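Let me put the model up on the screen, and then we can walk through it together.

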Amino acid sequence: MNVSGHTLDLFGPSEAALRTGAAAPPPPERLADGAVLLRGFALADEALWREALDAIVQAAPLQQMVTPGGHTMQVRTTSCGTWGWTSAESGYRYARLNPLTGQPWPALPEAFRRLAHDAAALAGFPGFDPDACLVNRYAPGTRLSLHQDRHERDLRQPVVSVSWGVPAVFLFGGLQRSDRALRLTLQHGDVLVWGGPARLRFHGVMPIAPAHHPAFGPDRVNLTFRRAF
Ligand SMILES: O=C(O)CCC(=O)C(=O)O
Ligand SMILES: [Mn+2]
């Protein structure tokens with residue numbers, strides 16, 4: 001399909017977009033070497049996504065994990081895929097079993113895998129095959145402090161981050177914690193990819209401001225796709 005004037009299939013509207021008449025998403029925005037913002041990239045199959053997300057949260061309820069410092073995390077999390085991201089006083093790690101239920105995490109839905117793969121490819125990381133998807137749900141006022149994602153084995157694989165619900169101010173810093181951070185407002189359906197020279201950049205989320213989204217109410221949901229092992 002080549003209706004948007006680009007030669008790559010990935011730029012063409014999805015079947016859902018064609019059905020609903022939604023416009024093709026804007027072109028990728030390069031933020032830094034290895035970091036690309038795809039505005040609205042996750043909007044096309046929204047209904048499918050929401051259904052998949054509901055099923056995941058039903059099988060693996062959101063939980064507030066404890067940090068290695070002994071604090072209860074503000075953000076509520078769950079996972080899908082072979083590996084789930086976990087935090088406990090003993091440290092951060094990827095685990096096959098959900099510590100809350102003792103069960104394996106729900107499988108990564110095919111629609112999620114495809115979206116993460118296609119977003120990574122557009123950002124210059126072809127062949128991305130995530131085995132972990134961390135779901136974060138932020139209530140108003142909740143923040144995520146600056147950190148690096150560095151518990152994955154192969155740091156040549158990017159992180160693909162999908163935002164849903166109310167907007168968030170995302171801090172995209174440098175390779176040192178003290179580096180000045182870019183402030184980006186991430187909206188419902190935006191996808192941010194960072195890898196290569198940007199893979200270990202510090203990042204975080206400012207406290208979520210009061211707002212309302214028709215599907216997510218006052219909350220923001222973020223999914224990060226990773227290749228853990
Ligand atoms: O919520 C976000 O936008 C980022 C989430 C994140 O960095 C993480 O879960 O490691
Ligand atoms: Mn992170």
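The protein chain has three helices and 13 strands. Helices here are DSSP runs of H or I with at least four residues, strands are runs of E with at least two, and both are numbered from the N terminus. Please keep in mind that this is a predicted model: local features need pLDDT of at least 70, side-chain atom pairs count only at pLDDT 80 or more, and totals for chains, interfaces and linings use all residues. On labels, residues are numbered from 1 along each chain as its sequence is written, while chains are lettered from A and ligands numbered from 1 in the order in which they are written.

Of the 229 residues in the protein chain, 37% count as buried. Buried means that 20 or more other C-beta atoms lie within 10 Å of the residue's own; exposed means 12 or fewer, partly exposed is in between, and the C-beta atoms are placed from the backbone. Among contacts with a separation of 6 or more, 70% link residues 24 or more positions apart. A contact is a pair of residues whose C-beta atoms, placed from the backbone, lie within 7 Å.

Now, the sheets. Seven strands make an open sheet in the order β1-β2-β11-β8-β13-β6-β3, and the pairing is antiparallel. β1 (29–32) and β3 (76–80) are at the edges with a single partner strand each, so one side of each has no neighbour in the sheet. From one strand to the next, the twist averages 20 degrees; the axes behind that are lines fitted to C-alpha atoms, for helices over the stretch in contact, with angles running from 0 to 180 degrees between N-to-C directions. To count as paired, two strands need at least two bridges found by DSSP.

At the β1 end, three bridges join β1 to β2, and A32 has A35 in β2 as its bridge partner. Then look at β8: is it mostly covered or open? Mostly covered, with seven of its seven residues buried. β8 pairs with β11 over four bridges, antiparallel, where V162 is partnered by V191. With β13 it forms six bridges, again antiparallel, and there V160 stands opposite F225.

V160 and V191 also turn up in the largest nonpolar core, which has 55 residues; they are among those with the most contacts inside it, together with A116, A119, A120, C133 and V193. A nonpolar core is a set of buried Ala, Val, Leu, Ile, Met, Phe, Trp, Tyr and Cys residues joined through C-beta atoms within 7 Å. Elements giving two or more residues to this core include β2 (35–38), α2 (46–59), β6 (132–138), β8 (159–165) and β13 (220–226). Which element gives the largest share? That is α3, with six residues. As for C133, beyond four places in sequence its contacts include S79, C80, L108, F112, L223 and F225.

Next, the other sheet. Four strands form an open sheet, β7-β12-β9-β10, with antiparallel pairing. β7 (144–147) and β10 (182–186) are its edges, each with a single partner, so one side of each lacks a neighbour in the sheet. The twist averages 20 degrees from strand to strand here. Five bridges join β9 (residues 168–172) to β10, and F172 stands opposite L182.

H203 sits in strand β12 and counts as buried because it has 24 C-beta neighbours inside 10 Å. Leaving out residues up to four places away in sequence, H203 touches L146, F170, L171, F172 and G173. H203 and L171 are 32 residues apart along the chain, yet their C-alpha atoms are separated by 5.3 Å.

H203 also brings us to ligand 1, whose surroundings are L134, N136, L144, D149, S161, F170, H203, V205, N222 and T224. Near, for this shell, means a C-beta atom, placed from the backbone, within 6 Å. By class, the shell has four nonpolar, five polar and one charged residues. In that count, Ala, Val, Leu, Ile, Met, Phe, Trp, Tyr, Cys and Pro are nonpolar, Asp, Glu, Lys and Arg are charged, and the others, Gly among them, are polar.

Finally, D129 lies in the loop between α3 and β6. D129 is exposed, with 12 other C-beta atoms within 10 Å. Its contacts beyond four places in sequence are H117 and R227. D129 and R227 are 98 residues apart in sequence and 6.7 Å apart in space, C-alpha to C-alpha.

Notes: Two residues are in contact if their C-beta atoms, placed from the backbone, lie within 7 Å.
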